[in-house]
Amino acid sequence: MDLGHTLLLILAGLVAGGINALAGGGSLITFPSLIATGLPSVEANVTNSVSVFPGYVSSVLGSRADLAGQKRRIPAILPVCVAGSAGGCALLLLTPARAFELIVPFLVLGAAATLFFQERLRGLVGHPRALSPRRRAITLQVVVFVGAVYGGYFGAALGVMYVAALALVLDETLNRINALKNVLSATVGAVTVVVFAIFGPVVWAAALTLAPATIVGGYAGARLARRLPARVLKALIVTFGTTIGLVLLVRALT
């Protein structure tokens, strides 16, 4: 890579790390940036998955205060998160991507709409407090697993999807749900790093350029998210999700 490519990746990593901590969707900045440096799409996708992982970890550190009281919940859902992530990685490496690329935009747009109409949907499906502990636990496991499969496969807007789904099944503030999303995203990222480092065509020069920048951006974004009112944070996530979904839809149809 030349100096221009290096500076592009550093800037992309800073911005993407912050976006991932706030809402999710930073991969739509880092992935095109990797393509712009001349990487083929598969190498860029795999390298991107490895590169953004440190930013997810720093997001967890930046939002750790909002994880208080969730220490029993997190160990219970991490195994299914790991299993789903591994399954998503296998799908990426073993199957053609075209069909999934056509579905992804609608998943992202659906997640943004779900969060926007959260209260109305709760009126239809029931408030989390109305669910039995068993049903709530099973629903949470399913949500985490499905999100992890998507994250292992592609990952763009994973945070939007997780926040939207978790907000329907958990009786928690949006800031605490966002912090839990950071933990799940970091777990998905850890699995992709291991799988792709062993089996995927990672371009390590690009990954090692992006990763430190995502750490700085992720920590700053998480600290900012803690200070935002729930209404503002929700508006940001819905806006990011809708924009990302439309970008992916245009990309899939062109």
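At 24% relative accessibility, Glu172 counts as partly exposed, where buried means under 20% relative accessible area, exposed over 50%, and partly exposed in between (1.4 Å probe, protein chains only). Glu172 takes part in salt bridges with Arg73 and with Arg176. The model is predicted, so local features need pLDDT of at least 70 and side-chain atom pairs count only at pLDDT 80 or more, while totals for chains, interfaces and linings use all residues. Residues are numbered from 1 along each chain as its sequence is written, and side-chain values use heavy atoms, with hydrogens and water left out.

**Salt bridges**

- A search of the whole structure finds 3 salt bridges; a salt bridge is a side-chain nitrogen of Lys or Arg within 4 Å of a carboxyl oxygen of Asp or Glu.
- Side chains of opposite charge can pair when their charged atoms come close.
- Glu172 and Arg73 meet at 3.2 Å, N to O. Glu172 lies in the loop between helix 9 and helix 10 and Arg73 in helix 5, so this pair ties together parts that are 99 residues apart in sequence.
- Arg73 has a relative accessible area of 23% and is therefore partly exposed.
- The side chains of Arg176 and Glu172 are joined by a salt bridge of 2.7 Å, N to O. Arg176, at 18% relative accessibility, counts as buried.
- Arg73, Glu172 and Arg176 form one network, joined by salt bridges that share partners.
- Arg226 forms a salt bridge with Asp66, and their closest N and O atoms are 3.1 Å apart. Arg226 lies in helix 11 (residues 204-227) and Asp66 in the loop between helix 4 (53-62) and helix 5, so the pair ties together parts that are 160 residues apart in sequence.
- Arg226 counts as partly exposed at 34% relative accessibility, whereas Asp66 counts as buried at 13%.

**Helix 5**

- Helices are DSSP runs (H or I, at least four residues), numbered from the N terminus.
- Helix 5 covers residues 73-94, which makes 22 residues. From its first C-alpha to its last, helix 5 reaches 33 Å, close to the 32 Å expected at 1.5 Å a residue; the expected span is 1.5 Å times one less than the number of residues.
- At Pro79, helix 5 bends by about 25°; the bend is the angle between axes fitted to the seven residues ending there and the seven starting there.
- The buried residues of helix 5 are Ile74, Ile77, Cys81, Gly84, Ser85, Gly88, Cys89 and Leu92.
- An α-helix has 3.6 residues a turn, so residues three or four places apart point the same way.
- The buried residues of helix 5 pack against helix 3 (41-51), helix 8 (133-153), helix 9 (158-169) and helix 10 (174-199).

**Cysteines**

- The structure holds 0 disulfides, a disulfide being a pair of cysteine sulfur atoms within 2.5 Å.
- Cys81 is in no disulfide, and the nearest cysteine sulfur, that of Cys89, is 11 Å away. This distance is too far for a bond.
- Cys81 counts as buried at 0% relative accessibility, and Cys89 also counts as buried at 0%.

**Ser33**

- Ser33 is found in helix 2 (residues 27-36) and counts as buried, with 8% relative accessibility.
- A polar atom of the Ser33 side chain lies 2.7 Å from the backbone oxygen of Ile29.
- Leaving out residues up to four places away in sequence, Ser33 touches Leu8, Leu9 and Ala12, where contact means heavy atoms within 4.5 Å.

Notes: Helix = DSSP H or I, 4+ residues; strand = E, 2+ residues; numbered from the N terminus. Polar contact = N/O pair within 3.5 Å; in protein donor to acceptor, adjacent residues only side chain to side chain.
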